[in-house]
Structure formats: structure tokens, C-alpha cells
Amino acid sequence: MLKIYLIRHGQTPGNRLQRYIGATDEALSEEGRKLLEKLTYPLPELLYVSPLLRCVETAGILFPGKELHIIEELSECDFGEFENKNYKELSGNENYQKWIDSNGTLPFPGGESREAFKHRSLRGFQKAVTQCIRENAGTAAFVIHGGTIMNIMEEYADRQRPFYEWHVKNGGGYQVELDPALW
């Protein structure tokens, strides 16, 4: 059995302000760093990380000195014109209202569609899991983004729940088990 820890990066200034932070390469906030320093996760055999700074910094705090395997496809969604804005700043924006009315199913104007983001992030996850199986690893950690975790859980969890119900707080995550024989 392969034990996998899906961990959301620590808090950034944009997260604290409830901004859509996707492609923005934002560092952790001081508050985010302090919270991570209080957390303990088991040391994995393999560590996979989104290339964005907030994930690399989180991995360095949680697993100091551990070799990082950067996987581009595990990056957060590109929120297009909503990037680095929060719902208050987008209030009255016609495109934002259309997106809200669609329950988040419309593509982000100037950004990624939900389907493209899901396809990309699952491809990155599959790449990493395949490497884990080839290397006969027993444990792996993924320090990634909330949206990426939600895609993985929606697709692979035994319990069927909608995408948004898999939301996880900064520094939190899920522990899952995968049977390599069924992969």
C-alpha cells in the first residue's frame, strides 16, 4: 500500500485577504510560516511539490533537507482576470457574476477552464504516483494547492463528493492510501 499525504501550502498574504491566488508566485506570510513550524507530518520517502514559491517554502519548513521533485502540472489554476482579487473587488464585475451563477463551471476569463485545470493537475499526480510505484515507495507527500488537492480527491477518493467539498485549509490536507496493484 502506498500512503500519500496531500498537503496544502501555508498561508500567503493573498490567502489571508481571500484573494484568488493561482498563477501569482506569492511567498508565505509570516503568520503562515509560524503555523507550519507547529505542524508535524511523517517524513515521506518521496516529496512532490508544485513549482510555485509558496509550495517550495512550505515543503522546506515541513521537510527540511528533503529532496524535492518539482512537477509543473501540480501548479494552481490560472484565475485569469480574477487573479489576485477577492470577491469584494470583483463585486459588480459582469464576468465574475456569470462565473458565480455557473457554480464555478465557466472558464476563468483569460485563464484556465475547470476541465483544463483538472486534466493538467491529474496528469501531474499520475506522473508522481507512477514514479512512486516504480521506485517501490511506501510513502509520498505532495505539497500543493487547494484546487489541485480538490481535483485529486474528487477524482480518486472512494467517497464521492463534489469538488468544492474537498476544500482544505492552509497547512492541512488528506492522508490517502493507494493500492499499486489497482493503479
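The structure is a predicted model, in which local features need pLDDT of at least 70 and side-chain atom pairs count only at pLDDT 80 or more, while totals for chains, interfaces and linings use all residues. Residues are numbered from 1 along each chain as its sequence is written, and side-chain values use heavy atoms, with hydrogens and water left out. The protein chain has seven helices and five strands. Helices (H or I, at least four residues) and strands (E, at least two) are DSSP runs, numbered from the N terminus.

**Overall form**

- The protein chain is as compact as a globular protein of its length, because its radius of gyration of 16 Å is close to the 16 Å that the globule rule gives for 183 residues. The radius of gyration is taken over C-alpha atoms, and the globule rule is 2.2 Å times the number of residues to the power 0.38.
- The C-alpha trace of the protein chain spans about 50 × 35 × 25 Å along its principal axes.
- Among contacts (heavy atoms within 4.5 Å) between residues at least 6 apart in sequence, 71% join residues at least 24 apart.

**Surface and charge**

- Of the 183 residues in the protein chain, 50% are buried. Buried means under 20% relative accessible area, exposed means over 50%, and partly exposed lies in between (1.4 Å probe, protein chains only).
- The protein chain exposes about 9,300 Å², and carbon and sulfur atoms supply 49% of this area. Accessible areas come from the Shrake-Rupley method with a 1.4 Å probe; for residues, only the protein chains shown count as cover.
- The mean positions of the 21 positive and 26 negative charges are 4 Å apart. Lys and Arg count as positive and Asp and Glu as negative, whereas His and the chain ends are not counted. The place of a charge is taken as NZ of Lys, CZ of Arg, CG of Asp or CD of Glu.

**Nonpolar cores**

- A nonpolar core is a set of buried Ala, Val, Leu, Ile, Met, Phe, Trp, Tyr and Cys residues joined through side-chain atoms within 4.5 Å. The largest such core holds 26 residues, of which Ile4, Leu6, Tyr48 and Phe142 touch the most other members.
- At least two residues of this core come from each of strand S1 (2-8), strand S2 (46-49), helix H6 (114-134), strand S4 (139-144), helix H7 (146-156) and strand S5 (173-178). Helix H6 gives the most, with five residues.
- Ile4 is in contact with Phe125, Val129, Ala140, Phe142, Tyr174, Gln175, Val176 and Leu178, when its neighbours within four places in sequence are left aside.
- A second, separate core has 12 residues, including Tyr5, Leu47, Cys55 and Leu62.

- The buried residues of H3 are Arg54, Cys55, Glu57, Thr58, Ala59 and Leu62. They pack against S1, helix H2 (30-37), S2 and S4.
- Thr58 is found in helix H3, which covers residues 53-62. Thr58 has a relative accessible area of 0% and is therefore buried.
- Not counting residues up to four places away in sequence, Thr58 touches His9, Gly10, Leu28, Leu36 and Val143. Although Thr58 and His9 are 49 residues apart along the chain, their C-alpha atoms are separated by 5.6 Å.
- H7 is mostly covered, as nine of its 11 residues are buried. The buried residues of H7 pack against S1, H6, S4 and S5.

**Residues with positive phi**

- Most residues other than glycine have a negative phi.
- Asn103, which is not a glycine, has a positive phi of about 60 degrees. Asn103 is placed in the loop between helix H5 (94-101) and H6, and is exposed, with a relative accessible area of 58%.
- Asn136 also is a residue other than glycine with a positive phi, near 55 degrees. Asn136 lies in the loop between H6 and S4, and counts as exposed at 68% relative accessibility.

**Arg16**

- Arg16 is placed in helix H1 (residues 13-16) and counts as partly exposed, at 46% relative accessibility.
- Arg16 is in contact with Gln11 and Glu31, leaving aside its neighbours within four places in sequence.
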